[in-house]
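Subject: Handing over a structure

Hi,

Here is the structure I promised to pass on. Have a look at it, and then read on for what turned up.

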Amino acid sequence: MSADEIVDTTADSHSGSILTALLAIGTLYAFALDKTGKVRVTAVCRSNYNVLQDTGLDFESDRLGNHNAWKPYRVVRTVEEAADRTYAYVVCAFKCVPEITTTPALLAPLISNLAKAHASPNPPTDASVTSTFVLLQNGIGIEDDLLDALNAIRTPGVYTTVVSGNCWVDTTAVDGGRKIVQHGNERLVLGYHRPTSTNPSPTTGFSEDMAKKSLGELVELFRAGGSVVEAAPDADVARWRKVLWNASFSTICTLARAHVGDVLALESSRQALKDIMAEVLTVARASLTPSPAVEQELSDAVIDRIIANENPNSVFRPSMLVDLDHGRPMEVEAIVGGVLRRARAMEVPTPKLDLIYAGLSVIQSNLIKGRA
């Protein structure tokens, strides 16, 4: 996988498990799930496999408290190794960088495993197999290819759900990945997506009732672990609300190589932030079905609220800029490209986002070439 680490969490009372990426955010939420005592966590790790296996990770968290030498239930090196069972939840917290590889490609062993669930020599004793994929990732439309891949599973008795997770938290891995630090507020907004391609048959694919049940259980698990979590009435609205910040602050900070406070310090850059968010809002409202959630969460007034909510002295560096600092590919396609694809589909002009996308794409191309 493109992520350095991945986690899988298995509920004691369920034959399935949860797969999550163990970047800083993934590790934080895997730890929260583990704190409940109701799950078993299996981590799929690459760069810090030995750290997690040998010494464990330390946590310094305003929300979840401090803990030393945390280890999950199981540690493996690859998704292929993790695909020795079906999973109740697959939590994806790795970076969404389709220019490198797609989420369905990364999860292919697990998706294939689901399709074979009832055809195996030892089929599950449950009447059905349910698996929920939780995308703790940035961007717009990042669920589309995964929904299509899961919708292609036509095995009777296999039901899947895709949940969007929007993380409002500042968490960082330090000390060579041996310690996770989280300070300030933490909030997780979760909501499920309905399939958008060919409707599944009545006996396979997606079930509204199962999706609601799966989302409710996951929300309760995170709450039991100490996270501030809420179920969104509309996953798409929640995702557009999050991308307002990422498509403006993250991109301007990255192009300027500056932290949030630097961008807020100038009237010209503050106006640029507002103009970009106005474009995103126009695309969002054109793409979404009108509803009270759209009116409340994506009104013009949200722009000034976002600006006013930021600390003018902030030294925060968005994750896109941190990736650039370390020479890693950035989430350009997920964050900006996703908005632009929706804009093209709805014939909405986006001149400022087009310019930002062009500039970031040049940087991204060089970053990818540097990895070759």
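A quick definition before we start: two residues are in contact when they have heavy atoms within 4.5 Å of each other. Keep in mind, too, that this is a predicted model.

First, the overall picture. The protein has 15 helices and eleven strands. Of its 372 residues, 53% are buried. Among the contacts with a separation of 6 or more, 74% are between residues 24 or more positions apart. The exposed surface comes to about 15,900 Å², and carbon and sulfur atoms supply 51% of that.

Now to helix H12, residues 301-309. Its buried residues are Val 302, Ile 303, Ile 306 and Ile 307. Looking down the axis of H12, you find these buried residues within an arc of 135 degrees, so they line one face of the helix. What do the buried residues of H12 pack against? They pack against H8, H10, helix H9 (260-264) and helix H11 (292-297). Ala 308 and Asn 309 are exposed, on the face of H12 turned away from the buried side.

Helix H15 (residues 351-371) is worth a look as well. With 21 residues at 1.5 Å a residue, H15 should span 30 Å, and its end C-alpha atoms are 31 Å apart, which agrees. Leu 353, Ile 356, Leu 360, Ile 363, Gln 364 and Leu 367 are the buried residues here. Viewed down the axis of H15, they fall within an arc of 105 degrees, so they too line one face of their helix. Their cover includes helix H8 (235-256), helix H10 (267-287), helix H13 (319-325) and helix H14 (332-346). On the other side of H15 you'll find Pro 351, Leu 355, Val 362 and Lys 369, which are exposed.

On to the strands. With strand S10 (residues 179-193), S4 runs parallel, joined by four bridges. There, Phe 59 stands opposite Ile 180 of S10.

Last topic: charges. Side chains of opposite charge can pair when their charged atoms come close. This structure holds 17 salt bridges, and here are some of them.

- Lys 95 and Asp 323 meet through their side chains in a salt bridge, at 3.4 Å from N to O. Lys 95 is in the loop between strand S7 (89-92) and helix H4 (103-106), while Asp 323 is in helix H13, so the pair ties together parts that are 228 residues apart in sequence. Lys 95 counts as partly exposed because its relative accessibility is 25%, whereas Asp 323, at 2%, counts as buried.

- Glu 217 and Lys 213 form a salt bridge at 2.7 Å, N to O. Both residues belong to helix H7 (residues 208-224) and sit four residues apart, about one turn of the helix. Glu 217 is partly exposed at 38% relative accessibility, and Lys 213 is exposed, with a relative accessible area of 53%.

- Glu 333 and Arg 341 also meet in a salt bridge, again with side chains at 2.7 Å, N to O. Is Glu 333 buried or exposed? Its relative accessibility is 15%, and buried means under 20%, so Glu 333 counts as buried. Arg 341, at 45%, counts as partly exposed.

- Arg 74, Asp 84 and Arg 85 are linked in a network of salt bridges.

Cheers

Terms used. Residues numbered from 1 in each chain as written. Predicted model: local features only at pLDDT ≥ 70, side-chain atom pairs only at ≥ 80, totals over all residues. Heavy atoms only, no water. Pairing = 2+ DSSP bridges. Helix = DSSP H or I, 4+ residues; strand = E, 2+ residues; numbered from the N terminus. Expected span 1.5 Å × (residues − 1). Buried < 20%, exposed > 50% of the residue type's maximum accessible area, 1.4 Å probe, protein only. Arc of directions from axis to C-beta. Salt bridge = Lys/Arg side-chain N within 4 Å of Asp/Glu carboxyl O. Areas by Shrake-Rupley, 256 points an atom, 1.4 Å probe, with all protein chains shown as cover.
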